[in-house]
Amino acid sequence: MGILSNTEPREVFHYFEEICEIPHGSSNTTKISNYLVKFAQNHNLRFLQDASDNVIIFKDGTDGHESRPPVMLQGHMDMVCEKEDGYDIDFEKSGLSLELNDGIITAKGTTLGGDDGIAVAYMLALLASNEITHPPLEAVFTADEEIGMLGAAALDCTPLRARTMLNIDSEEEGYLLASCAGGATVTVHLPITVSECTGNVASLKIDGLQGGHSGIEIDKGRANACTLLGRTLYELKKNYSFQMIQVTGGLKDNAIPREASCTFLLAQDTDIAKLQDAVHRIQDIYHTEYQSVDSNITLTLSCDKTGEVVSAMNKESSLNIITALMNLPNGIQKMSCDIEGLVQTSLNLGIMATGQNEVSLTYSVRSSMSTEKEALVDKLSCLTEHLGGFITKSGDYPAWEYRKESPLRNLMIEIFEKQYGKKPVIQAVHAGVECGLFAGKMPGLDCISFGPDMKDIHTPKESMDVASVQRTWLYLLEILKRI
């Protein structure tokens, strides 16, 4: 028996636990895609599977509801794979170890994948049931949402007849999402010149940061480990001469990096004790600046080897990397003038890596205004070109604009008020959701995104509230009954 086998609604948590046993990180969705196909075959349901691992499962309406307009249920099958330092797991091959404490579900040492595994579980429970009242259903399971909504972008929507869509990819119960930002992934490519040099090899690591979702939590004021590393290196450069060997940081462009590190070559006569003191003083500054939001920032300097001959960047390349990290924009760029508290335009440096001939910096760029998104991409390009590099852009997706007239939204508000005794919050979010891509491909689509309470998504602290999952399940059933 599984950890969740006695947790209600049992049919939902049965499928959620099965999903968690299957490796399903972004770019590793073939197994879970095939699992969904096998599910459809076992339940004699018509299905489609494409080359991007997307799966659509069709189910007729229940007795008396066969001729009603179809409704599309939609969620993504991939998860962000993050783990605690020192926790041993191969996300390519292993499932998750679930834990249940006081009505809260987590995964030992890793992200939980409630985003968006709970949507998959809801949909499978609906498709498996012969007792739930519903119209014809078109259940759309997309791949690689977390790395630029690649599955939704590739999906052929022509087999879909529904023009009403329930997207189950929100993380706060009581909020109905009706609009979202558009975005793109932009990679800055900075060329480096490397030669053989002699000196002392030192390493610097920044960790202990909270991280988080680069859209939803970009307004929390949390530190970005990659940009902090650039600031630290610039500060050290004022008094010490060194050449960069490599820089690295972050794992996902849409996650605020929790750690970053570099190795560099120091002159052999460098006073390491004084350098350590300088690093400690910088750490104290960060503790003061981020005491309310990122109080555990840690800087660790070590001198690994002395008198070594290594391949290091020349001084110009080293300076260019530091210049880029110090001056390329990061974080909130503009707040909305129309919706109080809504971030309108932002970007996040999520991945920093060193290759043979370049250092690459990968950003998630977001805006609810397409012109501002493009202007921000141009800003990245402008400085990058000045430093002798270039940018590439991928995963471009449109904003999902607010519909003034929405029968679906009106119905969901009515049902929510009856079930909860209060009005839901109608929300726009500074994050990409697949509704934007579907709305762009399917003219006239009326869609709302919602879901149960989850916290700290995209981090190893991710959790999901059982009672909220239960209430959201009842809410979903009533919507399908009334729609």
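I searched the whole structure, which is a predicted model, and got 3 cavities of 30 Å³ or more. The largest cavity holds about 50 Å³ of space.

I then noted what lines the largest cavity. The list includes Glu-172, Glu-173, Gly-174, Tyr-175 and Leu-176. Also on it are Phe-416, Tyr-420, Phe-450, Gly-451, Thr-472 and Tyr-475. The elements giving two or more residues to this lining are β8 (175–180), α9 (407–420) and α11 (466–482). Sorted by class, I have 6 nonpolar, 3 polar and 2 charged residues around the largest cavity.

I wrote down the elements that give two or more residues here: β8, β9 (182–191), β18 (358–367), β19 (390–397), β20 (425–429) and β22 (454–455). The lining of the largest pocket splits into 17 nonpolar, 15 polar and 16 charged residues.

I found 19 residues lining it, with Ser-179, Ile-339, Leu-342, Ser-368 and Ala-428 nearest its centre. Two or more residues each come from β8, β17 (343–354) and β20. Which element gives the most to this lining? I looked, and β20 does, with 4 residues. By class, the second largest pocket is lined by 12 nonpolar, 5 polar and 2 charged residues.

I turned to helix α5 (residues 225–237) and helix α7 (residues 315–327), which pack at an angle of about 125 degrees with their axes 8 Å apart. Because of that angle, α5 is oblique to α7. I also checked the hand of the α5 and α7 crossing, and it is left-handed.

Next I asked which residues in α5 meet α7. On the α5 side I listed Cys-226, Gly-230, Arg-231, Leu-233, Tyr-234 and Lys-237. Their partners in α7 are Leu-319, Ile-322, Leu-325 and Met-326. The contact of α5 with α7 comes to 7 nonpolar, 1 polar and 2 charged residues.

Last jotting, on an element that turned up again. I have β8 down as giving two or more residues to the lining of the largest cavity, to that of the largest pocket and to that of the second largest pocket.

Technical notes. Residues numbered from 1 in each chain as written. Predicted model: local features only at pLDDT ≥ 70, side-chain atom pairs only at ≥ 80, totals over all residues. Heavy atoms only, no water. Axes fitted to C-alpha atoms, helices over the stretch in contact; angles between N-to-C directions. Parallel < 35°, antiparallel > 145°, perpendicular 65-115°, else oblique. Left-handed = near helix turned anticlockwise from the far one by under 90°. Contact = heavy atoms within 4.5 Å. Nonpolar A, V, L, I, M, F, W, Y, C, P; charged D, E, K, R; others polar. 1 Å grid on protein atoms, 1.4 Å probe; cavity = no way out; pocket = protein on both sides within 12 Å on 5 of 7 lines; lining within 4 Å. Points joined across faces, edges and corners; volume = space filled by probe spheres on them.
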